[in-house]
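Visitor: Could you take me through this structure, beginning with the overall picture and then turning to particular residues?
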Amino acid sequence: CSLCFQKNQELTDQQKEFQEVARKFAREEIVPAAPSYDKSGEYPFPLIKRAWELGLMNGHIPEDCGGMGLGIFDACLITEELAFGCTGVQTAIEANSLGQMPVIIAGNDAQKKKYLGRMTEEPLMCAYCVTEPGAGSDVAGIKTRAVKKGDEYVVNGQKMWITNGGKANWYFLLARTDPDPKCSASKAFTGFIVEADTPGVQPGRKELNMGQRCSDTRGITFEDVRIPKENVLIGEGAGFKIAMGAFDKTRPPVAAGATGLAQRALEEATKYALERKTFGKFIAEHQAVSFLLAEMAMKVELARMAYQRAAWEVDQGRRNTYYASIAKAYAGDIANQCATDAVQIFGGNGFNSEYPVEKLMRDAKIYQIYEGTAQIQRLIISREHLGKFKQ
Amino acid sequence: CFAPFLCLRPPQIRVKPDRTGVVTDGVKHSMNPFCEIAVEEAVKLKEKKLVKEVVAVSCGPQQVQETIRTALAMGADRGIHVEVSGKDYETLGPLQVSKIFAALAKKEQADLIILGKQAIDDDCNQTGQMTAALLDWPQGTFASEVTLEADKLKVVREIDGGLETIKIKLPAVVTADLRLNTPRYATLPNIMKAKKKKIVNVKPADLGVDVSSRLEVLKVDEPPQRQSGVKVETVHDLVEKLKEAGRI
């Protein structure tokens, strides 16, 4: 039999206060600025700097490195509020958490103090460098090579779709250290911390994407990049497990981000439905529309409960892979559905760039792709589910 | 020393069916915006090392502790929660609050009381003035600028005709107006630090204050519904209609 979800349903006072700050910042500062960042694609550094000043970023960094040591649950509360404002801005911020997570879970004291410490001293960005042009879902298929030469590793390869690729101060890099194709994934890869200004690190051009356009996404070429052995996380061959382990902690916040977008879609659509009239009444009074809103509300509430469960499980020290995947898969799917439905409720206006909902549709799509595609999540969930069943 | 009020922030105000007041159940309460500005000013004075200690005070039920915590997260040093709840809280008005503040100011030996010019739920705009009168202290109300000059306070006041600058001796009462400053956000690290700051509970009786009200609310009504207008085709029609209505 399974454990009953016993989380106290009320947020603590501190959690409510954190949520208030994030909410105020998102609604007063992110929401008004988001449309112009979306149009220009400019990196929202002023907003990121503000978020950093308010303590809304880098929440996971342990206290002994100058951070607040927040749990995943608290981080998710903040993430949902920021995402409500703009998921482009929120993704730029979230990429820091993803890049830092391998160091938080696998770094030694010196690595943590050096690379996490500097993030709390100034508003720096970092990035998680795993995906390649030829390998996304199939992480074990990456081809970037790291060869040991004396006290260094020499890295050659090509990464792609790296969020904050052009803005990062340092990267978490996954590269193959064992050339033997028969070597198992759990031993063939190594995780490194790479300073972005290392000679040979060449960020490509900023990619123009469908949505979350102000987020900086790039290809990065590594040409004979030398990494000192001190920057290896744990040891040679430990990289795959570290890279995957980070996801259990970062998938709930990504699900929270998708939920924030869905919540925004619901609120915008509701406001519009109570203002726009057709056939003699507010469109919200027509069941076709109110039912759409009801279903959006159902999805938002359930997505929220899903990410909260996943976050709470990992904060309790338990393996949360099953819940994290469910939350991410569900939230990504419903974010897309709610965004589309919001455009539908706005009608012709929804299709137009003067209204806020078409941006939500464009922004939502990536939630079914990054941080593990919708299909990969289903692979994980089915594997976990069948595994439990067989026991 | 200052006093952040908890005020109502409902999306829409509704009158209670028995017409004795407005619906407060389940309505979000948060710090009065003018009091936020007062807190900010006090914290700024402390940052400039012009005052030694900032004490946040609020009167009301258990909920007001959240407001005091917000003030602590903004930079106040400690808090005082004057417990008033139930029926007493419903009838708590500016006069009783002023008496509480006056008693506290004497007890704490405060040099400056700074609060919002009015609460946005009742718009009374009385507490600051009454507190000053009870203490026989000078007052600088509707402040849009406050400067400490030796033992005097220079206050620029927003008045109907423009701006008035006055100099008042300390100890004094100042009420904050909109343009005094822009309140800071409580940052997350400061919210965490605020948990270690102390909030002391006090009852009005401990201060020798009687909070019973001498006012009786007879009724509360919503403003009259806006009547729909009439469209007219020409200026001539407009003039005719105005004459008919006895307006010209």
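Visitor: What should I know about the model before we start?
Guide: This is a predicted model, in which local features need pLDDT of at least 70, side-chain atom pairs count only at pLDDT 80 or more, and totals for chains, interfaces and linings use all residues. Residues are numbered from 1 along each chain as its sequence is written, chains are lettered from A and ligands numbered from 1 in the order in which they are written, and side-chain values use heavy atoms, with hydrogens and water left out.

Visitor: How many helices and strands does chain A have?
Guide: Chain A has 11 helices and 9 strands. Helices (H or I, at least four residues) and strands (E, at least two) are DSSP runs, numbered from the N terminus.

Visitor: What is the radius of gyration of chain A?
Guide: Chain A has a radius of gyration of 21 Å, which agrees with the value near 21 Å for a compact globule of 391 residues. The radius is taken over C-alpha atoms, and the globule rule is 2.2 Å times the number of residues to the power 0.38. Along its principal axes, the C-alpha trace of chain A spans about 80 × 55 × 40 Å.

Visitor: And how much of chain A is buried?
Guide: Buried residues make up 57% of the 391 residues in chain A. Buried means under 20% relative accessible area, exposed over 50%, and partly exposed in between (1.4 Å probe, protein chains only).

Visitor: Which domains does UniProt list for chain A?
Guide: An unreviewed UniProt entry gives "domain: Acyl-CoA dehydrogenase/oxidase N-terminal" for residues 12–121 of chain A. That span is 76% helix and 0% strand. For residues 237–384 of chain A, an unreviewed entry gives "domain: Acyl-CoA dehydrogenase/oxidase C-terminal", and this span is 74% helix and 3% strand. UniProt positions are given in the numbering used here, feature names are shortened, and annotations may be inferred rather than shown by experiment.

Visitor: What about chain B?
Guide: UniProt, in an unreviewed entry, lists "domain: Electron transfer flavoprotein alpha/beta-subunit N-terminal" for residues 19–211 of chain B. Those residues are 32% helix and 29% strand, with end C-alpha atoms 23 Å apart.

Visitor: Is A:R318, by comparison, buried or partly exposed?
Guide: A:R318 is partly exposed, at 30% relative accessibility. Its salt bridge partner at 2.8 Å, N to O, is A:E313, and A:E313 is buried, at 5%.

Visitor: Where is A:I105, and what does it touch?
Guide: A:I105 is in helix α4 (residues 87–106) of chain A and is partly exposed, with a relative accessible area of 37%. Leaving aside neighbours within four places in sequence, A:I105 is in contact (heavy atoms within 4.5 Å) with A:I242, A:G245, A:A246 and A:K249. The C-alpha atoms of A:I105 and A:I242 are separated by 7.6 Å, although the residues are 137 apart along the chain.

Visitor: Finally, where does B:N181 lie?
Guide: B:N181 lies in the loop between β10 (172–176) and α6 (188–194) of chain B, and B:N181 is buried, with a relative accessible area of 8%. The side chain of B:N181 reaches the backbone oxygen of B:I37 at 3.0 Å.

Definitions and conventions: Salt bridge = Lys/Arg side-chain N within 4 Å of Asp/Glu carboxyl O. Polar contact = N/O pair within 3.5 Å; in protein donor to acceptor, adjacent residues only side chain to side chain.
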